[in-house]
Amino acid sequence: MKSKTVHHYQILRRLGAGGAGVVYSAFDMKLMRPVVLKKLHRGSASDQKRRARLLREARMASAIEHPNVCPVYEVGEAEGNDFIVMQFVEGRTLEQLIAEGPLNLYLALSIAIQTADGLAAAHRLGILHRDLKPANLMISDNGVVKILDFGLAVRTEGTAKAARETSPPAASVAESGGFSSSGRMGTFYYMAPEQFVTLKASEQTDIFALGLILYQMITGSHPFWFRNADQNQVARAIQYKAAPPLEDFRPDLPADFQQVVSKALDKQPSGRYKTAADLRDALKTVMKSLHYEVGVVPGEASAVLPAPEAKRDKRSGIFSLLAERFLGAGSPRIPANTLAVLPFQSSRESPQDRFLGFALADAVATRLSRIPWLQVRPSSTVMSVPHLPANPAQAGKQLRAAAVLQGKYRLGEEGFSLNWQLLASLSETVLSGGSISLPGGEAPAIQNRVSEEIYAAISSMSGLRPAAADDDGSVAQGLRRRRDRDLPAEYLEARAVLTSYALRGGHGKDLKQARQMLQGVLQDNPQLAPVHSALGISHLLAVRNGAVHAEHLKKAQDHLAQALELDPQLVEANLFRLYTFLWRGEKAAARRGVQNLLDKAPEDPEVHTVAGVIQRLDGLYPQALESFSEALRLNPAVATTVYYQRGRTHVYRGDPEAAFHEVNKGLALEPRHTLLRSSLGYLLVRFEEFTQAIETLQEIVDEDPHLRLAYPTLAIAYLSAGHPTVARDLITDEILSSGRHDGDMAYRLATYFAVAADRDQALAWLRKAVYLGNESHPWLSTNPLWTPLNGDPDLNKILQDLKNTHTQNQRLWLNP
């Protein structure tokens with residue numbers, strides 16, 4: 001181009017050229033963002049027709065608003081040249097990833113789910129892609145898939161950091177390309193069987209192309225191409241030959257995944273999935289089953305992962321970081337001093353005996369957790385992972401425990417007998433074991449005997465016990481001296497309900513049920529520290545989710561204090577007490593507390609979760625994301641909680657697309673998870689999809705009217721959609737009351753008033769949110785929903801003070 005600018009776009013460099021035009025890296029000087037600008041060729045009459053079609057399809061594609069579709073920003077004309085402006089996407093194409101070898105199954109599923117979701121959004125608008133192939137799928141540095149070129153027919157050579165252009169859509173077999181000189185597969189190879197006859201595209205042809213891509217991601221090869229094959233041979237193979245079975249390449253693949261790919265590749269359009277949304281849902285089902293059955297977190301490796309053989313010096317940034325975690329080091333690190341207690345098995349099958357097995361394991365794990373140098377996986381962790389492998393050692397690996405305790409017992413008229421074993425997870429060898437028989441069925445005596453014998457076995461295991469552990473037997477003596485009362489079955493039931501509520505986004509009535517059960521246990525025995533701790537947590541969950549009135553904060557403080565008075569070493573009570581510090585405006589105390597617990601209990605996943613929350617509030621987003629990831633590595637069962645927290649962190653970072661990706665990963669596991677759905681509603685507001693946001697959030701509050709956390713976001717959605725009266729009616733006195741003790745709720749209210757341009761209320765609630773711990777200056781200073789108050793001097797003063805605090809917080813975390 002003659003000029004260094006086109007319209008208000010500054011041309012930076014040429015990226016490449018194709019049959020339709022030339023592609024440039026450019027900068028939008030009006031909106032201050034990098035873009036990709038494509039100048040279309042002018043030429044012959046056929047070129048003019050093609051150019052007109054491209055412009056028409058670009059305008060159609062600009063209507064697609066979805067995080068997994070690369071948006072078209074503008075279609076215009078300047079200096080006699082037609083141009084198309086698209087989003088600049090940093091990342092790598094799927095074609096580049098496949099060239100390095102087959103993909104991890106979880107990564108392939110994550111990419112396919114996002115692609116199907118983007119296709120579904122386009123199909124709902126009547127827009128077909130017609131050119132779906134690996135070169136048209138960009139994977140951003142945050143693991144977000146971007147579908148490029150809905151009919152935009154371009155090919156870009158050049159850097160891996162640019163949005164690439166692809167070959168023209170297949171109008172006919174004659175037009176479609178084969179391999180390019182660089183070895184890339186062209187459009188021809190991703191046509192559906194019927195296209196060779198009809199030359200027409202449909203939703204089913206896009207689905208067939210995605211099936212081919214899925215096959216190629218998993219195997220590293222195209223199912224219908226073989227060396228030296230010409231186009232006619234490939235066309236016949238696509239039309240008439242069955243794809244080689246996936247199990248020939250990957251025997252480890254689950255059968256349901258193979259069935260999904262087979263259905264997507266059905267030769268008849270009627271045999272494929274009816275819609276891309278149906279294919280997406282089928283893939284999500286596979287993802288969820290893998291999470292539960294294999295214990296690997298779905299989508300955790302969803303950012304770009306180089307193949308294992310890729311050279312290290314070619315990786316950088318997040319690529320290297322993720323590769324080290326998921327590919328480089330083999331299986332995850334399992335600390336040597338970790339032990340998981342599996343539920344004891346009864347020799348007979350009955351609900352009562354099965355529940356007793358859980359109760360015994362819970363009591364033993366609680367007792368063993370008092371050994372300072374031993375990290376015991378709590379029974380709540382074991383219980384919250386459905387479908388643990390039957391092999392105890394494999395279950396230990398999934399729980400990231402070096403040793404596993406299992407037992408089988410018999411309870412009858414003749415008394416109680418128990419056989420137990422301690423196994424090494426990695427070597428699958430028996431470390432120790434024993435039998436206990438008692439004439440009566442007195443559970444407390446059994447638990448004490450088992451605890452003492454297991455301690456004796458562990459104390460002699462040099463591989464499990466750190467060198468720094470005391471050798472004077474004082475811990476064993478402490479175990480013998482302490483005779484805590486048995487934890488009753490009602491307690492364990494209540495903990496199971498609490499776990500379900502926290503991890504699976506249950507209804508407020510579940511929280512109430514758990515609280516009532518715990519209160520019943522305390523009536524019989526008010527001296528049980530774990531019960532007081534659980535009750536405190538139940539009240540905290542209520543306050544944290546905005547579900548009930550703030551008097552629960554006082555009850556939470558009282559029960560946690562009582563738990564620590566009865567047992568000062570109870571990590572759980574120490575940990576959750578930190579939330580009460582935040583809600584009292586004592587953030588410095590909360591920060592010191594979590595830093596102390598990170599030293600004392602580095603293997604506790606909840607410690608890392610709380611650390612991530614406080615780091616996010618301090619504006620330390622990379623550290624927060626790392627803390628949440630560590631929690632996930634320690635306990636895969638907390639996946640939904642981590643996805644929710646990481647999604648919120650990405651929102652704070654100003655990356656709603658990465659947040660959308662995290663939320664969708666969580667919803668793939670728990671589609672009804674309340675907090676994840678609430679986050680989805682907020683993101684839909686950010687994407688200006690107000691109708692869908694209202695539907696999502698209204699459904700939540702209709703299901704559980706006491707879940708007040710969703711109300712401010714719903715009010716913002718109604719306000720943005722042009723319904724200010726409906727929005728105002730949602731902000732009741734009860735909603736305002738719930739924000740006076742919760743920083744998250746306070747900030748949501750502040751944002752609602754900012755959108756409503758109610759300056760005084762917005763600033764008042766912002767100050768309350770800051771007082772309650774939200775000192776995240778990078779987010780609070782850039783939140784786009786606060787645009788109506790831009791330039792306000794009082795807001796600028798608050799933000800300047802926050803900037804100074806943010807700098808101090810960084811020093812406190814980096815140099816505690």
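This is a predicted model: local features need pLDDT of at least 70, side-chain atom pairs count only at pLDDT 80 or more; totals for chains, interfaces and linings use all residues.
**Two helix pairs**

Now for the helices. Two packed helices are described by the angle between their axes and the distance between the axes. Here are both values for each pair, together with the handedness of the crossing.

| Pair | Angle | Axis distance | Crossing |
|---|---|---|---|
| H23 (residues 639-652) and H24 (residues 656-669) | about 165 degrees | 7 Å | left-handed |
| H25 (residues 674-686) and H27 (residues 711-720) | roughly 25 degrees | within 10 Å | left-handed |

Take H23 and H24, whose axes meet at an angle of about 165 degrees. Angles over 145 degrees count as roughly antiparallel, so H23 is roughly antiparallel to H24. On the H23 side, the contact is made by Ala639, Thr640, Tyr643, Arg646, Gly647, His650 and Val651. Their partners on H24 are Pro656, Ala658, Ala659, Glu662, Lys665, Gly666 and Leu669.

The axes of H25 and H27 cross at roughly 25 degrees. Angles under 35 degrees count as roughly parallel, and H25 and H27 are therefore roughly parallel to each other. Gly681, Tyr682 and Val685 of H25 touch Thr713, Ile716 and Ala717 of H27. This contact of H25 with H27 has four nonpolar residues, two polar and no charged.

**A closer look at H27**

How many of the 10 residues of H27 are buried? Nine are, so H27 is largely enclosed by the rest of the structure. The buried residues are Tyr711, Pro712, Thr713, Leu714, Ala715, Ile716, Ala717, Tyr718 and Leu719.

What covers the buried residues of H27? The cover includes H25, along with helix H26 (690-703), helix H28 (724-730), helix H29 (733-738) and helix H30 (743-755). Just after H27 comes one more detail to look for: Gly722 has a positive phi of about 90 degrees.

Methods: Residues are numbered from 1 along each chain as its sequence is written. Side-chain values use heavy atoms; hydrogens and water are left out. Axes are lines fitted to C-alpha atoms, for helices over the stretch in contact, and angles run from 0 to 180 degrees between N-to-C directions. Helices (H or I, at least four residues) and strands (E, at least two) are DSSP runs, numbered from the N terminus. Angles under 35 degrees count as roughly parallel, over 145 as roughly antiparallel, 65 to 115 as roughly perpendicular and the rest as oblique. A crossing is left-handed if the near helix is turned anticlockwise from the far one by less than a right angle, and right-handed if clockwise. Contact means heavy atoms within 4.5 Å. Ala, Val, Leu, Ile, Met, Phe, Trp, Tyr, Cys and Pro count as nonpolar, Asp, Glu, Lys and Arg as charged, and the others, Gly among them, as polar. Buried means under 20% relative accessible area, exposed over 50%, partly exposed in between (1.4 Å probe, protein chains only).
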